[in-house]
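These are my notebook entries on one structure.

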Amino acid sequence: MILFKEAKDLKKHLEKCKAQGQSVGFVPTMGALHQGHLALVQQSRMECGVTVCSIFVNPTQFNDPGDFEKYPVTIENDLFLLEKQGTDIVFLPSVAEMYPEGLHSTIHYDIGYLENILEGYYRPGHFQGVCRVLHKFLNMVNPHIMFMGRKDYQQCMVVKKLIELYNIPTLLSIVDTLREPDGLAMSSRNMRLQTDDRQKALAIYKALSYIKDNITNSPLPQLLQEAGSIILQAGFEKIDYIQVCNADTLQPVAASDGITPLVALAAAFIGGVRLIDNVLID
Ligand code: AMP
């Protein structure tokens, strides 16, 4: 496994790989790696000749500075896991390497309504920061395929839009959410949960699964209310949103027509930790 800290060295190395006919797969992460991240690496290794994984806690995508400061950093363990998984290249840039122009930006990515709904509504500026960092990474790595997790459903849609907007010659491959044996979606933020909150956190998946299992039996507004109660009664202190949307557009729906693919999404706080999850309703 080769470790790069500067984009120019990484680019030079990747140009050689590409000249030898190797395809490049890219897995961007913010570190504190778990099996969900490693599933992306595994997928990339299956599909591409060279796998690059980046670890960078991107300051411009945190709307809450407290969340940024508390974001777990476990770099030694991350490198150990990546090496064990057979990762070819790790890119570990500094903030100065990624943002030589400074953190403030005047560029606005035109991602349309995706910017203002769900995650975008509750985390103003978040997707601008995501687009900014990924646009830079895509220019640096120029991968054939970028692998991202369905766990961040709206992020995947935003990145699709970014790729379209700039005609970026990279394919986006979306990998299913990896879950703990009890169903909780794996997340770097789970590390911050106290033991009893970890048990209660499962309610977010239970609530989304409840919607999925009952969508043909009950009116959607009633289901959403019941799902909200499942989350709050388990001990979550606050729900940002719980919604059922068209799986292709993310526009909220009022009812299921039994045909259109839907997705149930939620974001809620437990023990001060904000968790998100989603479940596809095909
Ligand atoms: P993060 O480090 O949280 O920015 O995540 C890096 C990538 O891993 C993103 O594409 C996430 O969607 C993906 N990811 C995070 N958690 C999971 C999971 N439980 N299963 C699959 N992919 C995940």
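**Entry 1: Gln251.** I listed what Gln251 touches, leaving aside residues up to four places away in sequence, and found Tyr113, Cys245 and Asn246. Contact here means heavy atoms within 4.5 Å. I noted that the model is predicted, that local features need pLDDT of at least 70 and side-chain atom pairs pLDDT 80 or more, while totals for chains, interfaces and linings use all residues. Residues are numbered from 1 along each chain as its sequence is written, and side-chain values use heavy atoms, with hydrogens and water left out.

I placed Gln251 in the loop between strand S7 (238-246) and strand S8 (262-270). Helices (H or I, at least four residues) and strands (E, at least two) are DSSP runs, numbered from the N terminus. Is Gln251 buried, partly exposed or exposed? Gln251 has 35% relative accessibility, so I wrote it down as partly exposed. Buried means under 20% relative accessible area, exposed over 50%, and partly exposed in between, with a 1.4 Å probe and protein chains only. I also checked Gln251 against Asp64, 187 residues apart along the chain, and their C-alpha atoms are separated by 26 Å.

**Entry 2: the sheet with S7.** I found an open sheet of three strands in the order S7-S8-S9, with antiparallel pairing. S7 and strand S9 (273-281) are at the edges with a single partner strand each, so one side of each has no neighbour in the sheet. Two strands pair if DSSP finds at least two bridges between them. On average, neighbouring strands of this sheet are turned by 10 degrees against each other, direction ignored. S8 and S9 run antiparallel and are joined by nine bridges. I looked up one of the pairs: Ile270 has Val273 in S9 as its bridge partner.

I then looked at which helices pack here. H10 touches S7, S8 and S9, and its direction makes about 25 degrees with that of S9. H11 lies across S7 and S8 and runs at about 145 degrees to S7. Axes are lines fitted to C-alpha atoms, for helices over the stretch in contact, and angles run from 0 to 180 degrees between N-to-C directions.

**Entry 3: H10 and H11.** How do the axes of H10 and H11 cross? The axes of helix H10 (residues 203-214) and helix H11 (residues 220-234) come within 8 Å and cross at roughly 160 degrees. That makes H10 roughly antiparallel to H11. Angles under 35 degrees count as roughly parallel, over 145 as roughly antiparallel, 65 to 115 as roughly perpendicular, and the rest as oblique. The crossing of H10 with H11 is right-handed. A crossing is right-handed if the near helix is turned clockwise from the far one by less than a right angle, and left-handed if anticlockwise. Residues in the contact include Tyr210 and Ile211 of H10 and Leu223 and Ile230 of H11. By class I noted twelve nonpolar, one polar and two charged residues in this contact. Ala, Val, Leu, Ile, Met, Phe, Trp, Tyr, Cys and Pro count as nonpolar, Asp, Glu, Lys and Arg as charged, and the others, Gly among them, as polar.

**Entry 4: the six-strand sheet.** I found an open sheet of six strands in the order S1-S4-S3-S2-S5-S6, with parallel pairing. The edge strands are strand S1 (2-4) and S6, each pairing on one side only. Neighbouring strands of this sheet are turned by 25 degrees against each other on average, direction ignored.

I followed S5 (residues 145-149). Five of its five residues are buried, so S5 is largely enclosed by the rest of the structure. Ile145, Phe147 and Gly149 point one way from S5, and Met146 and Met148 the other way. Strand S2 (residues 24-29) pairs with S5 in the parallel sense over two bridges, and Phe26 stands opposite Met146. S5 is joined to strand S6 (residues 171-175) by five bridges, and Phe147 stands opposite Ser173.

Helix H1 (residues 7-19) lies across S1, S2, S3 and S4 and runs at about 150 degrees to S4.

**Entry 5: H7 and H8.** The axes of helix H7 (residues 126-141) and helix H8 (residues 153-165) come within 10 Å and cross at roughly 55 degrees. That makes H7 oblique to H8.
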